[in-house]
Every structure is written in structure tokens, then in C-alpha cells.
Amino acid sequence: MSKKAFVATPKDGVAWVTGASSGIGAEVAERLAAKGFTVAVTARREDELADLAAKASGPGRIVAYPGDVTDGPGMEALVKRIEAELGPVALTLLNAGVYLPVEGDALERDNFDKTFDVNLKGTVNCLIPVAAAMRTSGRGQIAIVASVAGYFGLPTAASYGASKAALINLAEALKFDFDKQGITLQVIAPGFVDTPATADNPFPMPFLISVGKAGRRIVEGLESGRFEVTFPRKFTYALKVMRIMPYWLFFPAIAKATGWNKRAS
Ligand SMILES: NC(=O)c1ccc[n+]([C@@H]2O[C@H](COP(=O)([O-])OP(=O)(O)OC[C@H]3O[C@@H](n4cnc5c(N)ncnc54)[C@H](OP(=O)(O)O)[C@@H]3O)[C@@H](O)[C@H]2O)c1
């Protein structure tokens, strides 16, 4: 029989949220503080983190720990600092990410480098020290923010989708070991959320939800301990069905759904 997943509470230690200077990360940090967590928040923009910390409503609090997730040794030192100053990290949301659209007729190495550096390697840079710290305390909860764009290839998402697919695969692979170590590993796969990252998207975003709703669904998902947290389900479950389509059905269906069939080449 499988053991019940460990779900962190404020009594177990602090929460650490990366990519918390805007959008989903800022929203989840606020919600965790409102539930009583002391929340360490990380991103590059220091002013935004300071504003977030200042407006946090109790019973918990938010403490800014600025940093760049692409800096591996920097993230290792940051986790040590958070633990020394605030206590053990019991819960972490590895959320920092960028979306840079890729046009198939103008491929740029820089786009792929930046996306993989932040979304994939940046997540790994944070995961390694935080998992090591949790292993020492014998328990912990780590949630990785992927995306439904990681389910399969979508127009313009050659770098973004690949980075998110890699994160889903990485989490599946590590879950076998983390389960034995008392570390709950989760994947968050949102559909479209209204944040600065999606504000300039030139295409229609079906089932777009507010950042407040996404934050609520993520916090509920963290409390459930379930491996995959995906929403809005009407949208993401339909995508799961598309994932098992044969390619001869899949490509025309996606081209039609995204309007790509009408786009000039
Ligand atoms: N919005 C959506 O529809 C959607 C859907 C599925 C998944 N997601 C995922 O959700 C996560 C949050 O995105 P969002 O929509 O909330 O967008 P957002 O508002 O642009 O947030 C992205 C966050 O990542 C941080 N970040 C970027 N590069 C960083 C770096 N090198 N080091 C540290 N932090 C960095 C940004 O902070 P700084 O610039 O201050 O560093 C910002 O706080 C991302 O992983 C995204 O892929 C979003």
C-alpha cells in the first residue's frame, strides 16, 4: 500500500516560492502567507519582491530573497541563507519561467538558450539544494510549475513546450526516489492564466482564467498532495485526450484549434 503524501503546514517550516515578483508566483506567495506560512520569495526584480513583502497579510509573512535561478551556486547559497534565517524549507514552488515564442522560419539559438536556462536548468538549480535540505530533515514538499504546453508540441512553443515537457518528465522520473525519501513531488500544469507572461499573446487563449483563480487552484492542489495539479479541467482534460490521438488526427486538430491552418506560411 502506498504511503500518504506529506503535505506541509506552517508548523513544518517555511515555504519558498521562485518567480514571485509577478503573476502566479506572487499570487501563491500571498495566499500561503494568508494561511500562516512564512514565505521566502525569489526573483530578479527586487522592488517587486519588497512590495509583495510589504503588502502581505497575516497570519504569515513574506520575506524577499532576490536572486536569479540561472545562477546555480547562487541558488545553493540562497537555500542555505533561507534555512539559517527563517528555518527549514518544508514547501517549495519552483515557478520561475519565461515564454519566448519561436517562429519556425526564424530560429534563434538565443531563444532556446534563455528558455532552457531559466525554465529547465533554473528549476534544477533550485531543486537540487532544496531537495538535499529536505532529505536531511526527512520530509518536504516540492511543486514544479510546468504547463499544458508540455503535453505536446504547439505552434510557437518549440522552446517553451520542450522545457515544460522536460520538467514533467524530470518530475515523473524523480518521484520514484523522492517517495522513498518522504519528499512529495508535484507537477503543476496550468492552462492559460491572465498574467504579464500572457498579456501580449497575439492568439486567442481558450479558457483563460484569472491569476486569483489559478492561485486558489494551486494552493488547493498543494494541500491535496496529488502528483499532478492541472486546471481548468474542462480545457486540460480535453488536451489529455488530444495527447493520445494518432498524429494524422492530432496535427490537423491542433492546426484548426489554434487557427494555424489559416496562417500564411
Ligand atoms: N500564464 C500562463 O498562462 C501560464 C500557463 C502555464 C504555466 N505558466 C508558468 O507559470 C510560471 C509563472 O508565470 P506567470 O504566468 O506568472 O508569468 P510572469 O508574471 O511573467 O512570472 C514569471 C516569474 O518568473 C521570474 N523569473 C523569470 N526569469 C527569472 C530568473 N532568471 N530568475 C528568477 N526568476 C525569474 C520573473 O521574475 P523576474 O523577472 O523579476 O526575475 C517572474 O516573477 C512560469 O513558469 C510559466 O511558464 C504560466
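How many aromatic pairs does the count come to? Hi everyone, let me answer that: the count comes to eight aromatic pairs. The rule takes rings of Phe, Tyr and Trp (its six-membered ring) whose centres lie within 6.5 Å, with planes under 30 degrees apart counted as stacked, over 60 as edge-to-face and the rest as tilted.

Before going on, a word on the basis. This is a predicted model, where local features need pLDDT of at least 70, side-chain atom pairs count only at pLDDT 80 or more, and totals for chains, interfaces and linings use all residues. Residues are numbered from 1 along each chain as its sequence is written, and side-chain values use heavy atoms, with hydrogens and water left out.

Now to the pairs themselves. Tyrosine 99 and tyrosine 160 have ring centres 5.2 Å apart and planes at 80 degrees, so this pair is edge-to-face. Tyrosine 99 is in the loop between strand 4 (89–94) and helix 4, while tyrosine 160 belongs to helix 5 (residues 158–181), so the pair ties together parts 61 residues apart in sequence. Helices here are DSSP runs of H or I with at least four residues, strands are runs of E with at least two, and both are numbered from the N terminus. Tyrosine 99 is partly exposed at 22% relative accessible area, whereas tyrosine 160, at 17%, counts as buried. For those words, buried means under 20% relative accessible area, exposed over 50%, and partly exposed in between, using a 1.4 Å probe and protein chains only.

Another edge-to-face pair is phenylalanine 250 with phenylalanine 251, at 5.1 Å centre to centre and 75 degrees between the planes. Phenylalanine 250 is buried at 5%, but phenylalanine 251 is exposed at 52%. Both belong to one aromatic cluster together with Phe152 and Tyr247.

On to the nonpolar cores, meaning sets of buried Ala, Val, Leu, Ile, Met, Phe, Trp, Tyr and Cys residues joined through side-chain atoms within 4.5 Å. The largest has 41 residues, and Trp16, Ile82, Ile142 and Ile144 touch the most other members. Helix 4 (residues 109–137) gives the most to this core, with seven residues. Apart from it lies another core of 32 residues, including Phe6 and Ile188.

What does isoleucine 82 contact, leaving aside its neighbours within four places in sequence? With contact meaning heavy atoms within 4.5 Å, the partners of isoleucine 82 are Val14, Trp16, Ala40, Tyr65, Gly87 and Val89.
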